[in-house]
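I am opening a notebook on this structure. These entries record what I looked up and what I found.

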Amino acid sequence: MDHWDLEPDPLVALQSGDSAPFEDWVRRDAAGFLAFFRRLGASGAEAEDMVQEVFMKVFRHRDTYQPTGRFRAFAFRIARNAWIDHRRRGAVRPASAAGGVDDEAATVPPVPDGAPGPHERASHIELAGRVQAALGQLSDAHRMVFELGVLQELPYSEISAMLEVPEGTVKSRMFHAVRKLRELLEEGEA
Amino acid sequence: MSASNHDRRLDDETLVQWLVDAELRADLPREELASADDAAASEWGDFLDQCRNELSTDGAEHVASAERVVDAVLACTVREDLGWRGDLRLLRGFIGTRMRSSMLLRVAAASLLLHLIALPALAAYRFWKAEPPSHVIWFAPPVDAPPPFGDVLVEDLTLDDAPDLPVLDSLDSISLDAQNARNADRWSIFQRSEELRAVAEGEWDSPIERRLAARALRLLGEDPPIGTRSGSGMPLDRLLTLDEALDARLLGLPVALDAVELEWLVERAAGDPPLAAIALAVLRRAGRYGIALPDGSTVVLARLESDQFALFRSLVTDAGESPLSAEWVQALRSCAPAGSLSLDFENTLRR
């Protein structure tokens with residue numbers, strides 16, 4: 001059980017006139033959705049546009065929304081559809097090309113107080129770039145399953161419903177994605 | 001792939017599935033979890049944790065981007081300001097985004113701003129710093145001058161006595177038309193004076209040509225016009241004589257045309273072309289000069305515009321009805337004896 005199971009559903013709250021949960025959700029998950037789209041291969045500007053699109057679509061569903069599952073799964077279903085629409089429009093670079101550390105990620109951000117030192121930070125950026133590059137080499141289907149399962153920590157049942165594939169297929173894809181990612185990283189270290 | 005590797009693959013797959021999905025892991029019997037290879041589970045678990053850590057989103061590079069998104073989303077949803085402040089904020093955001101993305105727009109905006117500032121400043125400068133003109137025309141009535149008409153305006157204007165004007169009868173309109181026709185012909189002669197002089201001063205062989213050259217000289221006013229003359233009695237000669245009499249009328253001589261001659265002219269005009277065309281031209285000219293024509297002349301004159309006289313239609317035009325016109329000489333050549341009136345003579349009259 002994660003914190004989401006304890007939070008009120010933002011759209012149900014909106015239906016009852018309480019906008020605070022929606023606002024909290026936007027503040028909390030904006031960075032997560034940005035990272036989600038970035039890892040799928042979108043540039044910084046494209047990711048911002050798509051995140052806004054996701055939030056706006058969720059907000060527009062407030063009158064017709066029926067809570068049949070976890071709200072987070074519902075939001076990621078919209079995010080995945082937004083990503084597919086974007087890919088169809090041909091506005092995003094191929095995932096392999098987007099892999100690795102892009103311009104924005106390569107820039108060293110300001111170091112907050114108490115943050116790791118320059119060496120540790122550079123090492124972290126380098127390793128994150130390698131993981132990102134390896135993730136970019138996965139197929140779209142494997143990358144999506146890895147993203148939703150490992151990084152967003154959605155259960156297989158919801159990933160299965162979201163992707164409209166059997167749960168066994170989700171599990172199989174998950175294992176192959178993780179193993180492939182591990183192989184790629186080990187090759188890189190070698 | 002060996003059997004042990006296959007078993008390991010299956011084990012790994014199950015481990016990964018358990019490690020990823022917390023719900024699945026929670027539902028498994030404890031003894032199944034205990035049977036898992038601890039080292040392998042730890043290995044996969046560490047790897048997944050490493051992936052989560054390296055791909056975590058708590059980097060500072062995401063903060064600014066996330067804040068922009070949050071502000072934009074909240075401004076359009078739960079914090080949407082439907083008042084003028086919201087509109088202003090949206091407009092400001094739109095302009096700011098566009099300005100940041102286009103150098104050309106920034107230059108245009110800077111130019112507009114400069115003009116908006118410069119124009120009022122220039123106007124103010126012109127208003128305050130403008131010097132009065134060196135010469136000023138000032139109209140002001142003299143203060144002590146008497147009014148131009150004195151104190152009292154006197155209406156001393158009276159009606160002028162009407163002069164004794166002649167009383168016109170109903171026929172004067174015809175006289176005016178005749179006068180107008182003669183003036184038009186005089187003007188035409190003035191305009192064609194060079195051609196007429198060339199004919200008058202030319203050396204011509206045939207009697208008709210010399211007669212027409214003498215007529216041209218008379219039309220130019222350099223030889224006294226002739227009134228009536230006796231001719232040979234031939235139809236063409238009689239027609240020329242009548243036309244010369246009309247020249248005399250044109251030049252102001254009170255030459256009367258005999259009614260018998262006019263009757264003969266109407267008969268000839270009713271004949272066949274080309275002689276009838278000349279007769280019709282002379283009859284038409286007499287009518288234009290206000291000479292009373294015999295009965296039936298109107299019907300006869302209409303023939304000149306019929307298809308039978310299509311070749312002589314130019315005699316009805318303004319140029320053709322003028323005295324001794326080239327068109328008239330052309331018609332005369334068609335009925336004169338062969339060789340008596342040359343083409344050179346006709347061409348001399350053309351411009």
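**Entry 1: a pair within one helix.** I started with Arg143(A) and Asp140(A), which sit 3 residues apart in helix 9 (residues 140-151) of chain A, so about one helical turn separates them. I note that the model is a predicted one. An α-helix has 3.6 residues a turn, so residues three or four places apart point the same way. I then looked up what joins the pair. Arg143(A) forms a salt bridge with Asp140(A), and the closest N and O atoms are 2.6 Å apart. Are the two partners buried or exposed? Arg143(A) counts as buried because its relative accessibility is 2%, under the 20% cut-off. Asp140(A) has a relative accessible area of 39%, so I put it down as partly exposed.

**Entry 2: chain A as a whole.** I counted secondary structure next. Chain A has 11 helices and 0 strands. Of its 190 residues, 51% are buried. I also checked contacts between residues at least 6 apart in sequence. In chain A, 70% of these join residues at least 24 apart. The accessible surface of chain A is about 9,000 Å², with 49% of it belonging to carbon and sulfur atoms.

**Entry 3: helix 10 of chain A.** How many residues of helix 10 of chain A are buried? I found 6 of the 8 in this helix, which spans residues 156-163. Among them are Tyr156(A), Glu158(A) and Leu163(A). Glu164(A) follows the helix, and its phi is positive, near 60°.

**Entry 4: where the chains meet.** I moved on to the contact between chain B and chain A. Chain B brings 35 residues and chain A brings 45. Together they bury about 3,700 Å², and 70% of that lies on carbon and sulfur atoms. Phe47(B), Glu54(B) and Leu55(B) supply 17% of the area that chain B buries against chain A, more than any other three residues. The interface holds 3 salt bridges. Glu48(A) forms a salt bridge with Arg68(B), with the closest N and O atoms 2.5 Å apart. Which helix of chain B gives the most to the side that touches chain A? I found that helix 5 of chain B does, with 11 residues.

**Entry 5: Arg211(B) and its partners.** I found Arg211(B) in helix 10 (residues 207-219) of chain B. Arg211(B) counts as buried because its relative accessibility is 15%. Its side chain makes a polar contact with the side chain of Asp237(B), at 2.4 Å. The side chain of Arg211(B) also meets that of Glu244(B) in a salt bridge, 3.0 Å from N to O. Glu244(B) lies in helix 11 (residues 235-250) of chain B, so the pair ties together parts that are 33 residues apart in sequence.

I followed Glu244(B) further. Its side chain and that of Arg218(B) meet in a salt bridge, 3.6 Å from N to O. Arg218(B) lies in helix 10 of chain B, so this pair ties together parts that are 26 residues apart in sequence. Glu244(B) is buried, with a relative accessible area of 3%. Arg218(B) counts as buried at 9%.

**Entry 6: other items in chain B.** I logged a salt-bridge network that links Asp185(B), Arg284(B), Arg288(B) and Glu321(B). A search over all chains gave 26 salt bridges. I also noted a nonpolar surface patch of about 540 Å², made by Trp84(B), Leu88(B), Leu91(B), Phe94(B) and Ile95(B). Ile95(B) lies in helix 6 (residues 84-101) of chain B. Its relative accessibility is 41%, so Ile95(B) counts as partly exposed.

How values were computed:
Residues are numbered from 1 along each chain as its sequence is written. Chains are lettered from A and ligands numbered from 1 in the order in which they are written. This is a predicted model: local features need pLDDT of at least 70, side-chain atom pairs count only at pLDDT 80 or more; totals for chains, interfaces and linings use all residues. Side-chain values use heavy atoms; hydrogens and water are left out. Buried means under 20% relative accessible area, exposed over 50%, partly exposed in between (1.4 Å probe, protein chains only). Helices (H or I, at least four residues) and strands (E, at least two) are DSSP runs, numbered from the N terminus. Patches are made of residues with over 30% relative accessible area and no salt bridge: like charges are joined within 9 Å, nonpolar side chains (Val, Leu, Ile, Met, Phe, Trp, Tyr) within 5 Å. Accessible areas come from the Shrake-Rupley method with a 1.4 Å probe; for residues, only the protein chains shown count as cover. A salt bridge is a side-chain nitrogen of Lys or Arg within 4 Å of a carboxyl oxygen of Asp or Glu. Contact means heavy atoms within 4.5 Å. Buried area is the accessible area (1.4 Å probe) that two parts lose on being put together, summed over both. A polar contact is a pair of N or O atoms within 3.5 Å; within protein, one must be able to donate a hydrogen and the other to accept it, and residues adjacent in sequence count only if both atoms are side-chain atoms.
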